[in-house]
Amino acid sequence: MFEGFSQETVDFMWGIRFNNEKSWFEAHKSDYQTYFLAPMRELGGQVQRELLDRFPKCGLNLKVSRIYRDARRLFGRGPYKDHLWLSLFRFGNESGGHPVFWFELAPESWSCGMGFWDAPALTMEKHRARIDADPTPLLKLHNRLARQDEFVLQGPSYARPKPCAEPRLAEWYNKKSLSIGHEEPLSEAVYSPELAGRLVEGFSFLMPYYDYFSTLWADPNPREST
């Protein structure tokens, strides 16, 4: 059962940010395992179980990120991440054309939401083709999102907007990749067991969006249309 993160969690994150080297990490590896990795796994497991209780057919898998950076992509940075995230996803992997639910904890903030890490261009082409064919389903989701203030549409947009037949969906239409997320500075929320419930409620709200975007991969390839 998730009991909340602790001040030791935050201390470790700041520590690895300013001491991003193997000797420091090895000396504090037990802190990482006890105060960072273990509660993240407990949080993910609890949220996964409660979502499966609410949505028995959602079939969500859980993954907690590794603290080790990809050695091929260090680009002058240290070998460790100073943040950690969990993801819940329906398919065999959580990258590419499939969206995920996520929670991320960093030294100064936390965030959660639903969306693509980095959607392939073809996925976003299918997204636009679906809007062109019938904007009504996404328009309903758009209006639903506008009636609350927890989550916002996120993601990079094209510098040159693409013309969208439904003006109310123009922002959705012009995303290179997209997510619907919430971010806030570290607060008492992360130290409380109630964080799990907050994520469950948030992901439950986002489930219709997940259902909508998780089926994009099966849409016809617009590049092959005649």
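Is Gly15 buried or exposed, going by its relative accessibility? Gly15 counts as buried, because its relative accessibility is 9% (buried means under 20% relative accessible area, exposed over 50%, and partly exposed in between, using a 1.4 Å probe and protein chains only).

A quick note before the views: this is a predicted model, where local features need pLDDT of at least 70 and side-chain atom pairs count only at pLDDT 80 or more, while totals for chains, interfaces and linings use all residues. Residues are numbered from 1 along each chain as its sequence is written, and side-chain values use heavy atoms, with hydrogens and water left out.

**View 1. The whole protein, with 7 helices and 6 strands.** Helices (H or I, at least four residues) and strands (E, at least two) are DSSP runs, numbered from the N terminus. Walk along the sequence and you get the pattern α-α-α-β-β-β-β-α-α-β-α-β-α. The C-alpha atoms fill a box of roughly 60 × 40 × 30 Å, taken along the principal axes. For 226 residues, a compact globule would have a radius of gyration near 17 Å, and the protein's 19 Å agrees with that. That radius is taken over C-alpha atoms, and the globule rule is 2.2 Å times the number of residues to the power 0.38. Buried residues make up 47% of the 226.

**View 2. Gly15 in helix α1.** Helix α1 covers residues 7-18, and Gly15 lies in it. Look for Phe25 too: Gly15 and Phe25 are 10 residues apart along the chain, and their C-alpha atoms are separated by 8.9 Å.

**View 3. Strand β2 and its two partners, β1 and β3.** Two strands pair if DSSP finds at least two bridges between them. Strand β1 (residues 61-64) runs antiparallel to β2, and 4 bridges join them. Find Lys63, and its bridge partner in β2 is Ser87. With strand β3 (residues 100-105), β2 pairs in the antiparallel sense over 5 bridges. Here Leu88 stands opposite Phe101 of β3. Strand β2 itself (residues 84-89) is mostly covered, with 5 of its 6 residues buried.

**View 4. Arg66, in the loop between β1 and β2.** What does its relative accessibility make Arg66, buried or exposed? At 55%, Arg66 counts as exposed. Leaving out residues up to four places away in sequence, Arg66 touches Lys81 and Leu84 (contact means heavy atoms within 4.5 Å). Pro79 is 13 residues from Arg66 in sequence, and the two are 11 Å apart in space, C-alpha to C-alpha.

**View 5. Strand β4, covered on both faces.** All the way along β4 (residues 109-115), 7 of its 7 residues are buried. One side carries Ser109, Ser111, Gly113 and Gly115, while Trp110, Cys112 and Met114 sit on the other.

**View 6. The neighbours of β4: β3 and β6.** A hairpin joins β3 to β4 through 3 residues. These two strands pair in the antiparallel sense over 6 bridges, and Trp102 stands opposite Gly113 in β4. Which strand holds the bridge partner of Gly115? That would be β6, where Ser179 is the partner. Strand β6 (residues 179-185) pairs with β4 in the antiparallel sense over 7 bridges.
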